[in-house]
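Please read this report alongside the sequence and the 3D structure shown below. It is written for someone meeting the structure for the first time.

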Amino acid sequence: FFASFGVYAATLWVFDKPEKEHNGLYATVLTVLGAFLSFASIFLNSETYQRFRASYLASVKCQGCIFNATTCAQASMRDVAARTVSRFICGAYIMAFAGLRDSHYDADEVLHPFLQKYGLLTEEEWEALRQRGGFAGTGDRYRELISWTLKVVNEERDAGRCHGNDAWRLCSDILMLRGKLAVGYDLLGQPVPFVYVHLVRLLTICYLPVFAFVLARLGSRTPEAIGLACVA
């Protein structure tokens with residue numbers, strides 16, 4: 001970006017007057033580069049928006065799965081079991097977002113106080129989960145909580161305290177929540193295609209100095225220069 005200012009100033013310093021017979025060639029070169037840059041930017045923005053939309057829809061559906069599971073649990077299970085299911089799936093939701101970060105995640109300063117504030121995990125449950133490993137850059141912790149939730153539902157069903165159909169519906173909602181939480185990890189495993197990012201950067205590096213040179217060569221008072229400045 002700053003090199004473009006240098007190209008513009010150097011062009012004005014070296015060339016006293018614009019060569020009018022070359023105006024058409026300058027404008028053509030700039031138009032071609034600008035067209036390639038525009039198409040590449042459109043493809044990159046489209047890919048980025050699709051990823052954003054997939055992430056947003058998965059997050060919204062996670063909320064729906066949590067509501068469905070907690071409502072069904074309250075209606076078909078004992079109060080203590082239903083509260084346990086609600087605590088575990090809400091904790092899994094938080095753990096999934098904490099695990100998306102690759103850098104060090106301060107579990108004791110951030111995650112633990114939050115879970116304790118809202119009563120999502122007891123001290124024994126937190127220690128048992130912590131002994132399984134770290135929280136950053138992994139989805140193992142939220143999957144562990146999902147397995148705990150399924151175990152509670154299955155134990156209630158086997159003890160005859162939850163109807164088999166209700167238990168099946170609960171397990172379906174819980175597993176659907178796990179699948180939606182995994183979308184973020186799937187997107188991390190497949191970033192935006194490198195060709196789009198590399199092409200946009202390369203075209204931008206080529207386009208800005210050429211634009212500065214052409215604008216300086218055409219001259220600030222010609223209609224071509226005024227039009228290019230408006231487009232830029």
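## Basis of the report

This is a predicted model, in which local features need pLDDT of at least 70, side-chain atom pairs count only at pLDDT 80 or more, and totals for chains, interfaces and linings use all residues. Residues are numbered from 1 along each chain as its sequence is written, and side-chain values use heavy atoms, with hydrogens and water left out.

## The chain as a whole

The chain has 9 helices and 0 strands. Here helices (H or I, at least four residues) and strands (E, at least two) are DSSP runs, numbered from the N terminus. Along the sequence the pattern reads α-α-α-α-α-α-α-α-α.

Of the chain's 232 residues, 37% count as buried. Buried means under 20% relative accessible area, exposed means over 50%, and partly exposed lies in between (1.4 Å probe, protein chains only). Among contacts between residues at least 6 apart in sequence, 72% join residues at least 24 apart; a contact means heavy atoms within 4.5 Å.

## Helices H3 and H7

Two packed helices are described by the angle between their axes and the distance between the axes. For H3 (residues 79-98) and H7 (residues 164-189), the axes come within 10 Å and cross at roughly 10°. Axes are lines fitted to C-alpha atoms, for helices over the stretch in contact, and angles run from 0 to 180 degrees between N-to-C directions. H3 and H7 are therefore roughly parallel to each other. Angles under 35 degrees count as roughly parallel, over 145 as roughly antiparallel, 65 to 115 as roughly perpendicular and the rest as oblique.

On the H3 side, Ile89, Ala92, Tyr93, Met95 and Ala96 meet Ile174, Leu177, Leu181 and Tyr185 of H7. The residues of this contact are 9 nonpolar, no polar and no charged. In this grouping Ala, Val, Leu, Ile, Met, Phe, Trp, Tyr, Cys and Pro are nonpolar, Asp, Glu, Lys and Arg are charged, and the others, Gly among them, are polar.

H3 is mostly covered, with 14 of its 20 residues buried. Its end C-alpha atoms are 29 Å apart, which agrees with the 28 Å that its 20 residues should span at 1.5 Å a residue. The expected span is 1.5 Å times one less than the number of residues.

## Aromatic pairs

The whole structure holds 8 aromatic pairs. Rings of Phe, Tyr and Trp (its six-membered ring) pair if their centres lie within 6.5 Å; planes under 30 degrees apart count as stacked, over 60 as edge-to-face and the rest as tilted. The ring centres of Phe114 and Tyr118 are 4.8 Å apart with planes at 50°, so this pair is tilted. Phe114 is partly exposed, at a relative accessible area of 37%.

For Trp126 and Phe135, the ring centres are 5.1 Å apart and the planes are at 5°, so the pair is stacked. Both Trp126 and Phe135 are buried. Elsewhere, ring pairs link Tyr49, Phe52 and Tyr56 into a cluster.

## Three single residues

Thr149, in helix H6 (residues 140-158), is buried, with a relative accessible area of 0%. Leaving out residues up to four places away in sequence, Thr149 touches Val85, Phe88, Ile89 and Ile174.

Glu47 is in helix H2 (residues 23-76) and is partly exposed, at 21% relative accessible area. Glu47 and Val192 are 145 residues apart in sequence, with 6.8 Å between their C-alpha atoms. Gly184 lies in H7 and is partly exposed at 22% relative accessibility.
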